[in-house]
Amino acid sequence: MRHLSEEQLIAYQDGESSGRDVATAHINSCAECQAELNRLVEMLAAYQAFPVPDPGEDYGRRVWQQIAPRLAEKRSHWWQVFLEPRRLTAAGLVAALLLVAFLAGRVSKRVRVDHGDAALTAEQVRQRVLLLAVGEHLGRSEMVLMEIANAEPEGATMKQVNLSSQRRRAEELLDENRLYRQTALQEGDTGIATVLDELERVLLDVAHSPGNVTPAQFKSIRQRIDDDGLLFKVRVLTKEIERRENTGKRGPAESGSAKVERNNQA
Amino acid sequence: MNESVESVRAADAIAIERTLAGDRDAFRVLVERHSATIFRLAYRLTGNHHDAEEIVQEAFLRAYQKLEQFASQANFATWVYRIAANYTIDRMRQRKQEDARRQAPSAEMTDDVEQDPLRQIPDAMPSPERLTQSVELRRQMENALQSLTPAERIAFVMRHCDGCGIEEIAAALKSNSSAAKNTVFRAVHKLRQMLEPQFAPRATARAMGTES
């Protein structure tokens, strides 16, 4: 019986399809090759499990602090690169086209993307990208707001509320929130922009609070969330975005906010 | 809550657009989202915390400088990962040359496995279960990985630790798919040579690819 060569064995482990049936049959009937394969798999598994230190939850922020002073403002006519025909046709994947169309769509409404049977205009692509990003963002924001709403004073003295986890996440959400609000405004989607504007103010409060807040500070933050009906507005907008994503159609620009306001008054 | 691949790409696209429009702080979102992934790659490649952090910073600096070129790419995460891999290769090669110049010719390292690593590994080894938890094994795995050429190390880590496709590896190595595949194979072959006895001694000495 001819054993598998090392090259064949490594290729087999790596999922090589050529001659796979023959190799499988041999491995199943050859204890030595089976053992070799096991040894190979064990070694690769050991490397996959090789411990990598956790850089910490705030690692990204630390990296940003290190590099930010070294980044020059971009003032070039960046959009010209997206209008080069070779760039618009180079990527074959829909995902790539969606991205390119999003980036190019700001300056050229003529960009069209074949997406299944439908051809999307640049405006529609931009709207879809925005909805996707905002939908995810609202989900994470809602979780932070919920946690704050359910937080209680803790410790022996019951004099402090620990919001350090919510504060860290609010800091992260804040940057994204600003980007989405500005993009929504640019797109004329005031429904999204209005809710994000209100959300941003609360996120700012939380992000700037100390890790442990006094009951008075905590009450002030929670009051702000309650007064604005923010949690409710976030949930309504999330539903609205889901609906728009599912229909694939863009509603009237004010539909989101109008619905929020209407529901808020109900 | 884990973000979906699509929503991450959408979020990245918005951050990229705003960065290119002159909002430098928009780039922060990309840095915060992808730094940990690049750190893991860099640490696996260098085995050193400080070096890994330097690679992460350099990768994002380069990504920012080249952001206009991102237009035809589908995935920022893949793109910045590739930038980090390219930079690490250049850096490792440069260091290797510097080390070679400093060392005496007899101790000079080469890209080929001309040393016999098996001689450095003791014959009698404990069970695989114990070995996988062993500090000594980790050290030897680390040494074995570091003894690969920069290209082999990158190719191995990308393929077998991060699950990258051959095309992606080829792009990082600036070579073609066939060469990338060979580089991955060579890396696995060398590591096996250096580490196989640690996992289990062969039951019988036989050359693979031969008759039993």
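Colleague: In chain A, where is confidence lowest and where is it highest?

Modeller: Confidence here is pLDDT, the predictor's score for each residue from 0 to 100. Chain A has a mean pLDDT of 79, with 73% of its residues at 70 or more. Helices (H or I, at least four residues) and strands (E, at least two) are DSSP runs numbered from the N terminus. The lowest mean in chain A is 37, in helix 5 (residues 85-90) of chain A, and the highest is 96, in helix 4 (residues 59-67) of chain A.

Colleague: Over which residues of chain A is the pLDDT below 50, beginning with the stretch that has 29 contacts beyond near neighbours in sequence?

Modeller: Two residues are in contact if their C-beta atoms, placed from the backbone, lie within 7 Å. Where pLDDT is low, the predicted coordinates should not be read in detail. A stretch with pLDDT under 50 and 28 contacts beyond four places in sequence is residues 250-266 of chain A. The stretch with 29 contacts is residues 78-94 of chain A.

Colleague: Which helix of chain B has the lowest confidence?

Modeller: Chain B averages a pLDDT of 79, and 76% of the residues score at least 70. Helix 3 (residues 49-65) of chain B has the highest mean in the chain, 96. The lowest mean, 47, belongs to helix 5 (residues 128-132) of chain B.

Colleague: How are helix 3 of chain B and helix 4 of chain B oriented to each other?

Modeller: Axes are lines fitted to C-alpha atoms, for helices over the stretch in contact, and angles run from 0 to 180 degrees between N-to-C directions. The axes of helix 3 and helix 4 (residues 76-102) of chain B come within 9 Å and cross at roughly 120°. Angles under 35 degrees count as roughly parallel, over 145 as roughly antiparallel, 65 to 115 as roughly perpendicular and the rest as oblique. Helix 3 of chain B and helix 4 of chain B are therefore oblique.

Colleague: Is helix 4 of chain B roughly parallel or roughly antiparallel to helix 7 of chain B?

Modeller: Helix 4 of chain B and helix 7 (residues 150-161) of chain B pack with their axes 9 Å apart, at an angle of about 150°. This makes helix 4 of chain B, relative to helix 7 of chain B, roughly antiparallel.

Colleague: Which residues of helix 7 of chain B make the contact with helix 4 of chain B?

Modeller: From helix 4 of chain B, the contact involves Ala85(B), Thr88(B), Ile89(B), Met92(B) and Arg93(B). From helix 7 of chain B, the residues are Pro150(B), Ala151(B), Ile154(B) and Met158(B).

Colleague: Which residue of chain B does Thr183(A) touch?

Modeller: Thr183(A) lies in helix 8 (residues 164-186) of chain A and counts as buried, with 26 C-beta neighbours inside 10 Å. Not counting residues up to four places away in sequence, Thr183(A) touches Leu130(A) and, in chain B, Ile14(B).

Colleague: Is Ala23(A) buried or partly exposed?

Modeller: Ala23(A) is found in helix 2 (residues 20-29) of chain A. Leaving aside neighbours within four places in sequence, Ala23(A) is in contact with Leu4(A), Gln8(A) and Tyr12(A). With 18 C-beta neighbours inside 10 Å, Ala23(A) is partly exposed.

Colleague: What is the phi of Lys174(B)?

Modeller: Most residues other than glycine have a negative phi. Lys174(B) is in the loop between helix 8 (166-173) and helix 9 (177-199) of chain B, and is exposed, with 12 other C-beta atoms within 10 Å. Although Lys174(B) is not a glycine, its phi is positive, at about 55°.

Methods. Residues are numbered from 1 along each chain as its sequence is written. Chains are lettered from A and ligands numbered from 1 in the order in which they are written. This is a predicted model: local features need pLDDT of at least 70, side-chain atom pairs count only at pLDDT 80 or more; totals for chains, interfaces and linings use all residues. A residue is buried if 20 or more other C-beta atoms lie within 10 Å of its own, exposed if 12 or fewer, and partly exposed in between; C-beta atoms are placed from the backbone.
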